[in-house]
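Subject: Structure for you to look at

Hello,

Here is the structure I promised to hand over. Please open it alongside this email; my notes follow.

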Amino acid sequence: MPALRMTVQTQAVLHALLADPTAELYGLEIAERTNLLPGSTYPILTRLLEAGWIKDRWEEVDPHDERRPRRRYYRLTEDGAASAREALRKTTKSLAESLPIWNATVEGTS
């Protein structure tokens with residue numbers, strides 16, 4: 001699996017997906033859970049798709065019957081979930097090593 005740049009926004013999207021790794025979430029749902037704007041969320045989802053960390057599918061509904069556009073659902077792949085966990089672990093470890101205040105804060109909350 002290719003490595004991704006772990007911005008704070010990417011980390012937020014990964015945390016939202018890892019909350020229930022087998023669940024399918026649609027784009028705006030992910031945006032709401034992360035408090036990110038769709039303009040930030042969708043490019044992250046595109047990068048995760050290109051990296052093979054997630055897969056997507058369009059729901060099969062008639063937009064006229066539902067009175068809303070079809071939703072595109074996203075879900076972590078098995079390898080993507082493992083890669084996401086490892087990337088988040090490395091990011092946390094890196095912060096703890098480079099920022100003493102981060103480590104002190106994390107240790108103080110245990």
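Ala12, Val13, Ala16 and Leu17 in α1 meet Ile30, Arg33 and Thr34 in α2. Contact here means heavy atoms within 4.5 Å. Helices (H or I, at least four residues) and strands (E, at least two) are DSSP runs, numbered from the N terminus. The residues of this α1 contact with α2 divide into 5 nonpolar, 1 polar and 1 charged. Ala, Val, Leu, Ile, Met, Phe, Trp, Tyr, Cys and Pro count as nonpolar; Asp, Glu, Lys and Arg count as charged; the others, Gly among them, count as polar.

Two notes on the source. This is a predicted model: local features need pLDDT of at least 70, side-chain atom pairs count only at pLDDT 80 or more, and totals for chains, interfaces and linings use all residues. Residues are numbered from 1 along each chain as its sequence is written, and side-chain values use heavy atoms, with hydrogens and water left out.

**Overall**

The protein has 6 helices and 3 strands. Along the sequence they follow the pattern α-β-α-α-β-α-β-α-α. Of its 110 residues, 33% are buried. Buried means under 20% relative accessible area, exposed over 50%, and partly exposed in between (1.4 Å probe, protein chains only). Among contacts with a separation of 6 or more, 54% join residues 24 or more positions apart.

**Helix packing**

How do the axes of α1 and α2 cross? They come within 9 Å and cross at roughly 110 degrees. Axes are lines fitted to C-alpha atoms, for helices over the stretch in contact, and angles run from 0 to 180 degrees between N-to-C directions. Helix α2 covers residues 27-34.

Helix α1 (residues 8-18) also packs with helix α3 (residues 38-51). Their angle is about 70 degrees, and their axes are 10 Å apart. These two helices are therefore roughly perpendicular. The classes are: under 35 degrees roughly parallel, over 145 roughly antiparallel, 65 to 115 roughly perpendicular, and the rest oblique. From α1, the contact uses Gln9, Thr10, Val13, Leu14 and Leu17. From α3, it uses Ile44, Leu45, Arg47 and Leu48. By class, that is 6 nonpolar, 2 polar and 1 charged residues.

**The sheet**

The 3 strands form an open sheet in the order β1-β3-β2, with antiparallel pairing. Two strands pair if DSSP finds at least two bridges between them. The edge strands are β1 (25-26) and β2 (54-58), and each pairs on one side only. β2 and β3 (residues 72-76) pair over 5 bridges. α1 packs on the sheet and touches β1, β2 and β3. Its direction makes about 85 degrees with that of β3. α3 lies across β2 and β3, running at about 115 degrees to β2.

**Aromatic residues**

There is 1 aromatic pair. Rings of Phe, Tyr and Trp (its six-membered ring) pair if their centres lie within 6.5 Å; planes under 30 degrees apart count as stacked, over 60 as edge-to-face, and the rest as tilted. Tyr26 and Tyr73 make the pair, edge-to-face, at 5.8 Å centre to centre and 85 degrees between the planes. Tyr26 lies in β1 and Tyr73 in β3, so the pair ties together parts 47 residues apart in sequence. Tyr73 is buried, with a relative accessible area of 13%.

Now look at Trp58, in β2. Is Trp58 buried or partly exposed? Trp58 is partly exposed, at 42% relative accessible area. Trp58 stands opposite Arg72 in β3. Leaving aside neighbours within four places in sequence, Trp58 is in contact with Arg70, Arg71 and Arg72.

Best wishes
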